[in-house]
Amino acid sequence: MSDIIQILPDNIANQIAAGEVVQRPASAVKEMLENAIDAGSTHIQLIIKDAGRTLIQVIDNGCGMSPTDARLCFERHATSKIRQAQDLFLIRTMGFRGEALASIAAVAQVELKTRRHDDEIGSCITIEGSDIKEQNECACAVGTSIAVKNLFFNVPARRNFLKTNAVEFKHIEEEFFRIALIHTNIAFTFYNNDKMIYQLMAGNMHQRITALFGNSYKERLNPVEENTQDVQIKGYICKPEFSKKTRGEQYMFVNNRFCKSYYFNNAIEKAFSDLLPEKTYPSYFINLTVDPAKIDVNIHPTKTEIKFLDEVIIYAILKSAVKKTLGQYTLSTEIEFNTVEGLDLNPAPAPRGYIPPSPTVKVNTDYNPFKSNSFSDYSSRTTNKAWENFFEMSNAVDVDERSEETSQQALFVESDKTDDHDIEINTSGVVQVLNQYIVSTMSSGLLIIDQQRAHERILYEHYSRQTIKDTASQQILFPVQCSFSAADAEIISEILPDLRDMGFEMNTLGNTVFVATAIPAEVKDSEVQTLLNEIVEDYKNSLMQKFADKQQSIALSMAKRLAVRNGKKLKQEEMQNIIAQLFSCKMPNMSPFGKKTMIIMKENDLTEKFK
Ligand code: ADP
Ligand code: MG
């Protein structure tokens, strides 16, 4: 019998290796960005089209390559980063296996242009499925540009495995974040389908985080820093109330390389422990610097795990560093809480445990934002001790009794029906001013609430916690038909389970048409289509801005759309509902869009004004 073993031709071996290194466009993005960093670049541009399917290009201003290296870099195990086995233990570069470019070139059409600083002319290489098609001299800028076109053009099975553009884009963006967050001294520009979506100046980590996640992060971040012999810790944690429902915002780096460590993650979560709202995860951005000889990164090329020699010690140091930061932070919030402790909503106390009934449903078809929410819904969700005390106080307000009383005794001190800005004062002590602010007295002064922002907060927390079990949904008599563009219909299908959790019962009717048979209690039949359009629009934007959490995005849209507007006159019990529900929220003092919901004018402030 003849021999049956054959050595695989290079291009097939490369394709197999590619399967490990390049699983999706995002993996190529990661490798190419890492190479640009290893090349000492100070500015890196990432350009993608169709979520990387048709183009991934990285342009850097790094060291560039010689004409020979330009060809060699596509060979397997071609690397400039290790020369001997011992080097493996001193690795400080991102890549070192010399597999990435060979793998990418095996499954795409690649165009490389590169020039070193001291070379007058650069080189240009075109390579397709591992075959070099062309190599020429060319005029080009110092640095390297690698364009990867039509990824998986020769591996249809892999191409078919790719998810929607939205999903693939999110993976790419995540890789970009993991790199940009830690290489803050490098400027980055990111173009998606010819649109610039990120432009990041060189700076520090704080600036980088806010450039990527938005300015609202400025007030969320608290620094963590610790220097010991075993490890240097540097980074930020987000305040506990900004923790997320998914682990999306947990960025741990070791020696400037993103890494996942369940063990160290646990150290951080333990440090937060009871400060975290239920089923949420802290956000953090932390870099650990350790002696490279004491870690092993020589594992699978795409894995982000690292093995540590001193992990028990590092665990303890990390936990205590985070605890220290949190300790300083909780101290300052306790002071904040104390300032509202003297809040006195009403002089007439009701028995403890009293649960105010839901306001009666109005016959009038005007939207009534309060029709289905009872205080008990909210009170059961309150976890924060300080607000719990506070809620007990506000709970002691017998809304029903009082509103009946006040409706009879309402005293219009000043009333001008033609004027929008009338001030209605009545005996309960809660008034609406300018049809926008709810004003109540407190023992230490005045509480002024912005009605729209407060209601946004209430609805946002309501919808972020919805699950299929406690959904307040209403069947509708005549099912509402909604139609969408093909792309939007795809998104509706994607978020359908979350919409169901929030009380929408919807089914498809053809590809782009959906029929709603039940909707959340707060929604009117006539606004279903508009609401869904807005949810889709916001969701698309949130994908762009890295809001990984679908439910959160939808909850935000619902809160924005359904909250009572400023300018709407509120009834006594509506105002009291807002106050009570607001203070049983986890984060009563801020709208979900980061705006103040209330201000408190204390005695000092008032005295000051009268000077
Ligand atoms: P590795 O990064 O593991 O060495 P790669 O396949 O990613 O392997 O790259 C192979 C080699 O090509 C690198 O070692 C480096 O010498 C060179 N190279 C790749 N990208 C660049 C770049 N953007 N600038 C300069 N040299 C590069
Ligand atoms: Mg590399």
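A106 has its place in helix α4, which covers residues 100-106; helices (H or I, at least four residues) and strands (E, at least two) are DSSP runs, numbered from the N terminus. The structure is a predicted model, in which local features need pLDDT of at least 70 and side-chain atom pairs count only at pLDDT 80 or more, whereas totals for chains, interfaces and linings use all residues; side-chain values use heavy atoms, with hydrogens and water left out. Residues are numbered from 1 along each chain as its sequence is written, and chains are lettered from A and ligands numbered from 1 in the order in which they are written.

With a relative accessibility of 1%, A106 counts as buried; the term buried means under 20% relative accessible area, exposed means over 50%, and partly exposed lies in between (1.4 Å probe, protein chains only). When neighbours within four places in sequence are left aside, A106 is in contact with N14, Q15, A18, G129, S130 and N154, a contact being heavy atoms within 4.5 Å. The C-alpha atoms of A106 and V155 are 9.6 Å apart in space, although 49 residues separate the two in sequence.

The protein chain as a whole contains 18 helices and 22 strands. Of its 611 residues, 50% count as buried. The accessible surface of the chain comes to about 29500 Å², and 52% of it belongs to carbon and sulfur atoms; these areas come from the Shrake-Rupley method with a 1.4 Å probe, and for residues only the protein chains shown count as cover. Among contacts between residues at least 6 apart in sequence, 70% join residues at least 24 apart.

Confidence was then considered along the chain. The mean pLDDT is 78, and 77% of the residues reach 70 or more; pLDDT is the predictor's confidence in each residue, from 0 to 100. Over residues 331-426 the pLDDT is below 50, and this stretch has 149 contacts in the model beyond near neighbours in sequence. Where pLDDT is low, the predicted coordinates should not be read in detail.

Aromatic side chains were examined next. A search of the whole structure finds 18 aromatic pairs. Rings of Phe, Tyr and Trp (its six-membered ring) pair if their centres lie within 6.5 Å; planes under 30 degrees apart count as stacked, over 60 as edge-to-face and the rest as tilted. The ring centres of F176 and F190 are 4.8 Å apart and the planes stand at 55 degrees, so this pair is tilted. Because F176 lies in helix α6 (residues 165-180) and F190 in strand β7 (residues 187-192), the pair ties together parts that are 14 residues apart in sequence. F176 is buried, at 0% relative accessibility, and F190 is also buried, at 0%. A tilted pair is likewise formed by F213 and Y217, with 5.2 Å from centre to centre and 40 degrees between the planes. F213 and Y217 are both buried.

In helix α8 (residues 262-272), the buried residues include F264, N265, A267, I268, E269, A271 and F272. S273 follows α8 and has a positive phi, near 20 degrees. In helix α14 (residues 486-501) lies D488, which is buried with a relative accessible area of 15%. Neighbours within four places in sequence aside, D488 is in contact with V536 and K540.

Positive phi values also occur in loops. A51, a residue other than glycine, has a phi near 55 degrees and is placed in the loop between β1 (43-49) and β2 (55-60). A51 counts as buried, at 4% relative accessibility. N256, which is not a glycine either, has a positive phi of about 65 degrees. The loop between β11 (250-254) and β12 (257-258) holds N256, and at 34% relative accessibility N256 counts as partly exposed.

At the surface, L8, I12 and I16 form a nonpolar patch with about 270 Å² of accessible area together. Patches are made of residues with over 30% relative accessible area and no salt bridge, with like charges joined within 9 Å and nonpolar side chains (Val, Leu, Ile, Met, Phe, Trp, Tyr) within 5 Å; a salt bridge is a side-chain nitrogen of Lys or Arg within 4 Å of a carboxyl oxygen of Asp or Glu. I12 belongs to helix α1 (residues 10-21) and is partly exposed, with a relative accessible area of 39%.
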